[in-house]
Amino acid sequence: MKVFKTFVLGAALVAASSFVGMDLFAQQAPNVSVRRNVITYGDHTYKIVSDIDVKTKEHKKPTASVTFTNIPSDYAEFEAVYNGLLGKSVAGTAAMIPMAIELYARDAEVGERCLQLLCNGGATVRSIVNILKTKLVPSQYASSNDSYLQRYMAAALLKGAVNTNAYTPDRPYTVEMTMSPNGVREAPLMGGDVTYIYILAQGWDTNQRGVDVFLPYDTEYYKVSGCSSCYVQCKNIRGTWPGLE
């Protein structure tokens, strides 16, 4: 009987600890809500201020923008924001490029997972990662004080960030965009349509950073199929970069 009582007591303790663990998880799990053009994840807010107008003839000034209070904390937040709102629009999808770049700089494995979600295939991800791992991560080829290394690259894509202010962006963080003259083109071999846009940023000699946003047939989620001008060498920083929150 003592053995039986011990087993029952042990089982009860395990069950109790499981419920406590579930309660703690429930308390710690961030609250996610979507209201029209805004998604909140915990105390982080992401907003599609205006989406891309594919008919616009304005290619040099911003016609669309997305704001956010923070870079996603991890892959779970990135995925929730993409699936919940931003991945359902051209502007929202493009705005996640600097988020993914910054996450890669913080943790290459997490960043690569984010790019795999955001991009349309492995080839696109590999082409981005092959550059990011040399531009953002110190190695035997580029030490942490090498000017080729540009840890601030994600910030360079944000409104207000220029090399002369140490790539300190406006708050909330804002990605400004407009259409490219290439417009929208059907890509039957890819299985969808490609919308060609620009992220407008001041970290380069030309502020139009091309992004190809792909919408596969029979889905509401957009993917990035190209953004090579978003991770090429930008102007070298002056001062000390404050980082992104």
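Mentor: Axes here are lines fitted to C-alpha atoms, for helices over the stretch in contact, and angles between N-to-C directions run from 0 to 180 degrees. The model is predicted, so local features need pLDDT of at least 70 and side-chain atom pairs pLDDT 80 or more, while totals for chains, interfaces and linings use all residues. Numbering starts from 1 along each chain as its sequence is written, and side-chain values use heavy atoms, without hydrogens and water.

Trainee: In what order do the elements of the chain run from the N terminus on?
Mentor: The chain has 5 helices and 8 strands, taken as DSSP runs numbered from the N terminus (helices H or I, at least four residues; strands E, at least two). From the N terminus on, the order is α-β-β-β-β-α-α-α-α-β-β-β-β.

Trainee: What share of the contacts in the chain between residues at least 6 apart in sequence joins residues at least 24 apart?
Mentor: A contact means heavy atoms within 4.5 Å. Among contacts between residues at least 6 apart in sequence, the share that joins residues at least 24 apart is 59%.

Trainee: What percentage of the residues of the chain count as buried?
Mentor: Buried means under 20% relative accessible area, exposed over 50% and partly exposed in between (1.4 Å probe, protein chains only). Of the 245 residues of the chain, the buried share is 42%.

Trainee: Is α2 roughly parallel or roughly antiparallel to α3?
Mentor: The axes of α2 (residues 75–84) and α3 (residues 90–106) come within 12 Å and cross at roughly 170 degrees. That angle makes the two helices, α2 and α3, roughly antiparallel. The classes are roughly parallel under 35 degrees, roughly antiparallel over 145, roughly perpendicular from 65 to 115, and oblique for the rest. The class of α2 with α3 is therefore roughly antiparallel.

Trainee: Which residues of α3 meet α2?
Mentor: From α2 the contact uses Phe78, Val81 and Tyr82. Their partners in α3 are Met96, Met99, Ala100 and Leu103.

Trainee: How far apart are the axes of α3 and α4?
Mentor: α3 packs on helix α4 (residues 108–118) at an angle of about 160 degrees. That makes α3 roughly antiparallel to α4. On the α3 side the contact includes Thr93, Ile97 and Tyr104, and on the α4 side Gly111, Glu112 and Leu115 are among the residues. The axes of α3 and α4 are apart by 6 Å.

Trainee: And how does α2 lie to α4, roughly parallel or roughly antiparallel?
Mentor: The axes of α2 and α4 are 10 Å apart, at an angle of about 15 degrees. The contact is made by Tyr75, Phe78, Glu79 and Tyr82 of α2 with Val110, Arg113, Cys114, Leu117 and Leu118 of α4. Because of that angle, α2 and α4 are roughly parallel.

Trainee: How many residues apart in sequence are the parts that the pair of Tyr82 and Tyr221 ties together?
Mentor: The structure holds 4 aromatic pairs, that is, rings of Phe, Tyr and Trp (its six-membered ring) with centres within 6.5 Å, stacked if the planes are under 30 degrees apart, edge-to-face over 60 and tilted for the rest. Tyr82 and Tyr221 form a stacked pair, at 5.6 Å centre to centre with 25 degrees between the planes. Tyr82 lies in α2 and Tyr221 in the loop between β7 (208–216) and β8 (223–226), so the parts are apart by 139 residues.

Trainee: Does Tyr221 count as buried or partly exposed?
Mentor: Tyr82 has a relative accessibility of 1% and therefore counts as buried. Tyr221, at 22%, counts as partly exposed.

Trainee: At what angle do the planes of Tyr152 and Tyr167 lie?
Mentor: Tyr152 is buried, and Tyr167 is too. The ring centres of Tyr152 and Tyr167 are 4.9 Å apart, and the pair is stacked because the planes lie at 10 degrees.

Trainee: Which residue does a cis peptide bond join to Arg171?
Mentor: Most residues other than glycine have a negative phi, and most peptide bonds are trans. Here a cis bond has omega of about -5 degrees.

Trainee: What is the phi of Asp218 near?
Mentor: Asp218 is in the loop between β7 and β8 and is exposed, with a relative accessible area of 84%. Its phi is positive, in a residue other than glycine, and near 65 degrees.
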